[in-house]
Amino acid sequence: MKKLIQKTLPFLALLIIVSSCSSVQVASDYDKNADFNNYKTFAFFKTGIDKAEISDLDKRRILRAIEAELIAKGFTKSEKPDLLVSIFTKERQEVNVWNNGYGGFGYGWGWSPFYGNLNHNVTSSTQGSLYIDLIDAKKKELVWQGKGSGYLSRTSNVDKKEARIKEFVSEIMMEYPPEMKK
């Protein structure tokens, strides 16, 4: 028994560590005719942001994270911006049901309550997607879109929620500016 525990304990520890790390899948698309070197200033596109179906607190968290990322890339916030920033979100609930245990036939044609042990486990999780749109302010055309998808936790811990939002935004904004292929 001791050897079994010694062999499985490292595996269980690794499993716990890996399952606690959640990743964000990222994709981006862009207008290959846009000259991204010309964009130096930004502002938030209130009309688009108001349509995002999330709490105002989460919107502000997302916008602060985007602002920090853009400033780190050399942008400045402006009343007359080159780029307008908009966001929208999608959410999808996943429900997983599985049976574990064992079952057995009882006497006669039915099931006996004395045989078998069936356990039904049901879990649910939420997969969220955050889209960040960068719009050419003069042309009013979308020039870049980044999308991040990952699992969301329903936590009331504000620090964890803010960290997860920063992770989403940071991963998405790594894709900007796009590498132009010639």
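Residues are numbered from 1 along each chain as its sequence is written, and side-chain values use heavy atoms, with hydrogens and water left out. Because the model is predicted, local features need pLDDT of at least 70 and side-chain atom pairs count only at pLDDT 80 or more, whereas totals for chains, interfaces and linings use all residues.

Thr 41 belongs to strand β2 (residues 41-44), strands being DSSP runs of E of at least two residues and helices runs of H or I of at least four, numbered from the N terminus. With 14% relative accessibility, Thr 41 counts as buried (buried, under 20% relative accessible area; exposed, over 50%; 1.4 Å probe, protein chains only).

Helix α4 (residues 158-173) comprises 16 residues, and a side-chain oxygen of Asn 157 comes within 2.9 Å of the backbone nitrogen of Asp 159 at its start. Arg 164, Ile 165, Phe 168, Val 169, Ile 172 and Met 173 are buried in α4; they cover an arc of only 160° around the axis, which places them on the same side of the helix, the arc being that of the directions from the helix axis to the C-beta atoms. The face turned away from this buried side carries the exposed residues Asp 159 and Lys 160.

Key: The expected span of a helix is 1.5 Å times one less than its number of residues. A polar contact is a pair of N or O atoms within 3.5 Å; within protein, one must be able to donate a hydrogen and the other to accept it, and residues adjacent in sequence count only if both atoms are side-chain atoms.
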